Amino acid sequence: MHATLIQVTERIRERSAKLRGDYLARIARMSGRQRGFERMGCANVAHAVAALPSNDKLRIVAEKAPHLGIVTAYNDMLSAHQPYEHYPDLIRAEAHRLGATAQVAGGVPAMCDGVTQGLPGMELSLFSRDTIAMGTAIALTHDVFDAALLLGICDKIVPGLLIGALHFGHLPCVFVPAGPMSSGISNSDKAKVRELYAQGKVGRDELLRSESAAYHGAGTCTFYGTANSNQMLLEAMGLHVPGSAFVHPHAELRTALTREAVGTALDISGRVQGRAAKPIGQLVDERSIVNAMAALLATGGSTNHLIHWVAVARSAGILIDWSDFSELSSVVPLLARVYPNGSADVNQFQAAGGPGFVIRELLDAGLMHEDVLSVAGDSLRPYAFVPQAVGQRGEVVRVPVPAASVDEGVVRTAAAPFSPSGGLKLLAGNLGRAVIKVSAVPEDRHTIEAPCRIFTTQEAMLEAFKAGELERDVVVVVRFQGPHANGMPELHKLTPPLAVLQGKGYRVALVTDGRMSGASGKVPAAIHVSPEALAGGPIAKLRDGDLVRVCAVTGMLQALVDEADWAAREAATLDPAEAEVNAHGLGRELFAGLRRNVLSAEEGAVTWL
């Protein structure tokens, strides 16, 4: 094992000892109870099985067969989740075949960030995570299940489901993905059209044709954003059946993997003779969390997970912070280049070896813990195998990942990585703490020093760009975009104009207390600045024209202002009219309590503490 991996893991274990110990004690108390249907009153049982077929009632009540709960994030607004429409039927049929029963315990909301990007609805996106966690809790609080199957893929949905499940840490759980859509136009071609549109060189019709060619069918979007990073992290934590992340929704293999997930849930339920229960709260320990962090860094995954996985870990009684990510990033090599960190999409990533290749390389390099519990066994090693075919009995046939990369433009070995360190860096200075994703940023842009131009809305920045006001070296600052201010929306619409400016030869960077996911691409972006402006963060002290230094090499985020002047400055305040807009319309009123109570981005933007 690599010394740094051990040091970070031990530091997390020591920091979390009291919190984790209390969490495990609660799991032990819950696990020692009678089975749900035997513990409940007759009226409770009658309500629970009232709508089930007679045969299922007999199995549950008389035969005491295992009973699985399904929590689904199905809707057909999300292309990624549309395939889930018929999963409950498939799951119930497989459960019946295996002598068990299954029941949809509840559904959770699942918004599409692609639909709401740059619009007021995006201000509900981050908080939808904790809403989904609460929805998961409502579903599972029926408390009659021996294990649960969790159906979700996209940005806030998987973290929300996982947070909710970990608050039922005594319950064995298996996550069930549905896979990516087939490849459309290349992501690089899509990005070019976006930049041309930002410059006014193509019209809306051509932009719509391009976007529709990229997002064109059922399945997850094929770039490596938060949704697909979710799937990578679940593989690294052993919460999927191995290798199930990136198989197409309509493939025969996908159906077999879903059936296998049902059998796996029964195996780990503790209700199958000779099998010990594997509660999710025991599977997700500090080693599992560190494995997820390593997988994120090795693949240049979404920066959203520096928020989400802090919250996920906290749900399991584990405390992590951005310093842990930064220290791991210094030793975990970059093994994959998937758009926006390269030209490949996730289908090409899968064809080149996918999660299994990355996990095998990290295990062999001592940069992941192998001796962890997973839904597939007592080791993470099964996740270095990939599903290849469906056997004669309907079983999934797996093979080891190739010893060498079959496409070194997409994945590489730990001995010959794209970069010796991961794609995420921690920045700190008199502007606070932030993160920057540099895996796609040219090395000559890892340090930017320029006068700043300050905005409080992304619309104002876009107007200034269109007016030619940013045609120079500039650090664009977009503040009052944090969780307290307006729910911390993603600011993807800023990427094309910033890329245009960089393409013209200007030295540009973004500094914001908002989010960018992985979409900053080739433009250096110091994001998640914490504390945020509305919470008294020093980013509120900046004034137009201040010289700002963003340096991923030294980890600096600094306003180059005289110390006495800086100390004496008063922080800017949010315009009352803008605050009013942030608080009202399209359901934003309902999230006022979450905005008031939310913790900082580095604390996971948690709203339940």
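Predicted model: local features only at pLDDT ≥ 70, side-chain atom pairs only at ≥ 80, totals over all residues.
What distance should the twelve residues of helix H9 span, and how far apart are its end C-alpha atoms? At 1.5 Å a residue, helix H9, residues 187-198, should span 16 Å. Its end C-alpha atoms lie 17 Å apart, which agrees with that expectation.

Let me stay with this helix for a moment. The residues of H9 that are buried are Asn187, Lys190, Ala191, Val193 and Glu195. These buried residues pack against two helices, H10 (204-214) and H21 (495-503). Just after H9 comes Gly200, which takes a positive phi of about 80°.

Ten of its eleven residues are buried, so H18 is largely enclosed by the rest of the structure. The buried set runs through Gly354, Pro355, Gly356, Phe357, Val358, Ile359, Arg360, Glu361, Leu362 and Leu363. What, then, covers the buried residues of H18? The cover includes helix H11 (226-236), helix H14 and helix H17 (346-351). Just after H18, Gly366 takes a positive phi of about 70°.

Which residues does Leu149 touch, once its neighbours within four places in sequence are set aside? Its contacts are Leu68, Gly69, Ile70 and Val71, then Ile91, then Val174 and Val176, and finally Ala261, Val262 and Ala265.

Finally, I come to strand S12, residues 525-530. Is this strand mostly covered or mostly uncovered? Strand S12 is mostly covered, with six of its six residues buried. Two pairings involve this strand, and I shall take them in turn. With strand S8, residues 432-437, S12 pairs in the antiparallel sense over two bridges. In that pairing, Arg433 stands opposite Ser530 of S12. With strand S11, residues 508-512, the sense is parallel, and two bridges join S11 to S12. Here Val511 stands opposite Ala526 of S12.

Note on methods
Residues numbered from 1 in each chain as written. Heavy atoms only, no water. Contact = heavy atoms within 4.5 Å. Helix = DSSP H or I, 4+ residues; strand = E, 2+ residues; numbered from the N terminus. Expected span 1.5 Å × (residues − 1). Buried < 20%, exposed > 50% of the residue type's maximum accessible area, 1.4 Å probe, protein only. Pairing = 2+ DSSP bridges.
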